[in-house]
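Which charged side chains pair with one another, and where do they lie? The following paragraphs take up that topic.

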Amino acid sequence: VAPSVVLVTGVSRFLGGHLAARLAADPSIGRVLGVDTAPPGPDLRSRMGRVEFVRADIRNPLIAKVIARADVDTVVHAALSPDPSGTWGSATKEMSVLGTMQLLAACQKASTVRRVVLESTTAVYGASPLDPALFDETMTPNDLPTSGYARDATEIEGYLRGFSRRRPDVSTTVLRFASLVGPRIDTVVTRYFALPVVPTVLGYDARLQLLHEEDALAVLERAVARDDLPDVVNVAADGVLLLSQAIRRAGRVPLPVPPPAVGVVGRVLAGARIASFSPEQLRLLDFGRVVDTTRLRTDFGFTPRWTTVQAFDDFVRGRALRPVITHERVEEAERLVDRGVHAAARLLAGLGART
Amino acid sequence: MTGDGPDDRRAPDRDGARVVPLHPAAPDEPAAPTHPTRTRRRAEPRRAARRSGPTPVAPVRAVPEPVTDEPASVGTGADPGLPSDWEAALADALAFLRRRLTGDYAVDEFGFDPELTERVLLALLRPIYRRWFRVELRGADRIPAERGALLVGNHSGTLAWDALMTQVAVHEATDGRFLRLLGADLVFATPVMGDVARRMGATLAANSDAERLLSSGQLVGV
C-alpha cells in the first residue's frame, strides 16, 4: 500500500530535506509534511515543491496534534544526522534523544500511523581493535560507547524497539547509514577531507566505508514506499578505502599525528571552526568500521549504485577540491625520474666503454 | 591438532571438509610423495642449526653466507651489463610508486592490499625465509589450488615469525595464493603492526571473520 500522508522530520538538513523533495515529486503520495525547528535554506526550499513545512519542535507534545490532524500514516525520523557536523553537545543530544521520545509517543497515540522509518548510523557498532572485520545487523558493539553520538543513536534505536513492541501493528525499519559523502552534503567527514593537510593518527590506518548521498536518499525513499522490509538494515556502499588512500586520492597531504598530540590538534581544528571531532570519530580514525550489506541487497532489495571509491571520487570532483598533489604532478615526477635514470645509465655505460 | 597416524589423514570429515594432519608418525623421515602436508622450518638461526647439525649445507668453517640455491634478486645498479629488461622493471616500479602516491589501488573489506603484500611485504620477507630460517616445505601439493582451506599451525613465541614464513611458503607453493592469517586482537590494537597485519591480509581471530574468508574460498591460517 502506498503511503498517503508522510511526515519527515529534520527537513532543514540534507537528508530530510531532499527526501521530502523526492517524496513530493511522487504523485502517488497525497501529502508530505516537513518538520524542523528552523526553516530549510533557500536552495532546499526551491526543490521542495508541495512539501508543507511545519515549523515545530518535536520535543513539544504539539507534534502529536500535527500528526493527528493530518492523518499521517508514515513517519520518517531523519533528525539524527549520520555525521554530526559540529560538536555533539548536550543541546543536540536533547534534541535527538528527547525529540525521538516525544515523536514516538505521539506516533503511539495516533491510530493512523502504520509505518515508522528511523535514520540511524553504523556508529552504533562502535570502533575497537576487538571488532570483527565486518559487522552484520545481529552483532553488538564490543565497547559500547558511554556517551556521545553513538550512545544516543543506540538509545534512539532502543526507543523504536520499545515502540514497536507497544504498537505491533506499525512496521518499523531502522536504517544504519555509513558515513555519507557526495558533492552536496556537508558532514564532518567531507570537511575533514577538504582540509589541505589532513591530520591522521600515527600508526593507524582506518578502513573507511562510505555511502553516496544519492544512494542514501534512494534507500530512504524505498523504505517509505514499502512496508515489508526488515527491521534493521545496514546501509553502506561496496568496498573499502583506507584512510591514507582516501587522503591521497583527494590529493591531500596526510599529516600523521602521534596519538598523545591528537587531542591538541583536534582542539585547534575545532577552535578554528574548521572541523570538530567527537571521541568516537577519533576512534573511527584509528580502527575504522565496515559493515556487512548482505541484508540491504537481499531482504531490503537495494544495491548501492556507487561503491565507496566511486562515492569518494564523486565527492572530490563534485566539490572541485583543488588537489595539493595532483595526478599530473606525480606523473611528471615519474617521467622525470625515469628519464634521469636512463640518462645516468647511458652515462655509466659510456664511461664503462671508455675505460 | 588432528590425529597423528598417517592412515587417518584420508578419513573424510562428517561435513565433507578434509582434515590433513601436519604431524606424520616419524618426524625426521624424508617425506614420501604421499606424505601429509608438512611445513617444517628451522626455528633457530644458522649457528644453532650447525651445532645440532646432521643437516648442515654449508661447510663448518664457512663464515660468509652460504651459497643460495636460488638466484638472488637481480641487482639493478647501473652496470654496463644490465639485464635487458631493467627498463621495464624501472618503469614498473615507478608506476607502482605512482599508484601508491595517488591512492590508485584496491583493498578488500578486511583491509588486505594484495599489491603491496606481493610487491613489498612478501619481497622483504623472502630473504629471511630463504637465508635466515631456510624453510623447508613439504607436501605443499596438498594445499587446494582454488578452494578454501584452513591451515592450522602449532606456533610458538610472541613474534609470529612462523606465521609470516608460512605466508611466504603458501604464496610460493600455490602459485600466488595468499594465506589469510587470523590474529589476536592485541595485534590490531598495536599501532603500525595492526595496520601492516591488515594490509597483509590478516584479520581478527573471530568466528565471523574466519567463516567469511573460508566461505569466499580463501586459504585461512591459524
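Predicted model: local features only at pLDDT ≥ 70, side-chain atom pairs only at ≥ 80, totals over all residues.

Residues are numbered from 1 along each chain as its sequence is written, chains are lettered from A and ligands numbered from 1 in the order in which they are written, and side-chain values use heavy atoms, with hydrogens and water left out.

Over all chains, the structure holds 30 salt bridges, each defined as a side-chain nitrogen of Lys or Arg within 4 Å of a carboxyl oxygen of Asp or Glu. In chain A, A:D57 and A:R59 form one of them, with an N to O distance of 2.7 Å. A:D57 is partly exposed at 22% relative accessibility (buried is under 20% relative accessible area, exposed over 50%, partly exposed in between, with a 1.4 Å probe and protein chains only). A:R59 is likewise partly exposed, at 28%.

A salt bridge also joins A:D238 to A:R297, at 2.2 Å from N to O. This pair links distant parts of the chain, 59 residues apart: A:D238 lies in the loop between β11 (232–235) and β12 (241–242), and A:R297 in helix α11 (residues 294–297). Helices (H or I, at least four residues) and strands (E, at least two) are DSSP runs numbered from the N terminus. A:D238 is partly exposed at 29%, and A:R297 at 27%.

In chain B, the side chains of B:D92 and B:R119 meet at 2.9 Å, N to O, in a salt bridge. B:D92 belongs to helix α2 (residues 86–101) and B:R119 to helix α3 (residues 114–132), so the bridge ties together parts 27 residues apart in sequence.

Finally, a network of salt bridges links A:D205 with B:R99, B:R100, B:D113, B:E115, B:D195 and B:R199.
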